[in-house]
Amino acid sequence: MVEHFDVIVARVEVDTPLPSVAVIVLKGEHDLASVPQVREAIGSQLEAGRNVVVDVTETLFVDLAIVKTLMDAREEAQGLGRRVVIEFGTTPVVRRLLELTALLDQFPHEDSRDKAIREAAEQEGDA
Amino acid sequence: MMPPEGKHFTARLRATPENLSAIRRIVDVYLGENEKTDDVKLVLTEAVSNAIRHGYDPGPGYVTVELRREGDVLCVGVQDDGCGLAGARAETRGAGLGLPLIEALTETMEISEPEGGGTTLQARFQLDASA
């Protein structure tokens, strides 16, 4: 018997609240399937000279492939003199993985959009 | 919520990234709102991702996912028909966190290579019978 299970679409939204800061919002579930989308979104903003806030407050799921993508983005940002800040919320499964992988120990992180943008813009001095 | 005693679910899917979300929906349907639901989703996502990344060359094969309740224990199995553990051992940073994560989230975890080829992961979760 063939059963069909709905998938939850992964969406990536980009906003630029300041000239030097882009906010990349991950909505839905993110895993190996959305790695190219997330990598391209972050990479293009870093290459454009912006610091990046990655907002996972509305993310329903992330896996290690996404964690690795964020770690790679952090390295790329450091090489370019930029920074990546995590804005995180309370989705239990997302928080659990971020804690288990100690990702929040490796990134500046904030629990609100304003604070995350300020943190990201700090080294630019235009917050 | 606990799945009924002896309830057994098996699915065979193409080992593609696009099917990872469907596998998590299977967990939602099987376990419902259980304290282990998120952990089972994380473990199955990592196990199937390993099969996708390392199990097949060239192109995607199939992966079999199994969920079975035995008393207060949930048994989870992931079997692929791929190239075995050699590929998994060649993991790079980040992806190499997968097996330690699975070990951290499960009561027991065992990986084997069946004689016919491929890789089998068997993991067990302790369920809360009072939930």
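Which residues touch the most other members of the largest nonpolar core? In this predicted model, where local features need pLDDT of at least 70, side-chain atom pairs count only at pLDDT 80 or more and totals for chains, interfaces and linings use all residues, they are A:Ile42, A:Val54, B:Val40 and B:Leu44, out of 62 residues. Residues are numbered from 1 along each chain as its sequence is written, chains are lettered from A in the order in which they are written, and side-chain values use heavy atoms, without hydrogens and water.

A nonpolar core is a set of buried Ala, Val, Leu, Ile, Met, Phe, Trp, Tyr and Cys residues joined through side-chain atoms within 4.5 Å; buried means under 20% relative accessible area (1.4 Å probe, protein chains only).

Beyond four places in sequence, B:Leu44 is in contact (heavy atoms within 4.5 Å) with B:Ile23, B:Val27, B:Val65, B:Leu67, B:Val76 and B:Val78.

Chain B has an open, antiparallel sheet of five strands in the order β1-β2-β3-β5-β4. Helices (H or I, at least four residues) and strands (E, at least two) are DSSP runs, numbered from the N terminus, and two strands pair if DSSP finds at least two bridges between them.

| Edge strand | Residues |
|---|---|
| β1 of chain B | residues 8–14 |
| β4 of chain B | residues 108–112 |

Each edge strand pairs on one side only. Strands β2 (residues 62–70) and β3 (residues 73–80) of chain B pair over eight bridges, antiparallel; B:Glu70 has B:Val73 as its bridge partner in β3(B).

Notes. Buried < 20%, exposed > 50% of the residue type's maximum accessible area, 1.4 Å probe, protein only.
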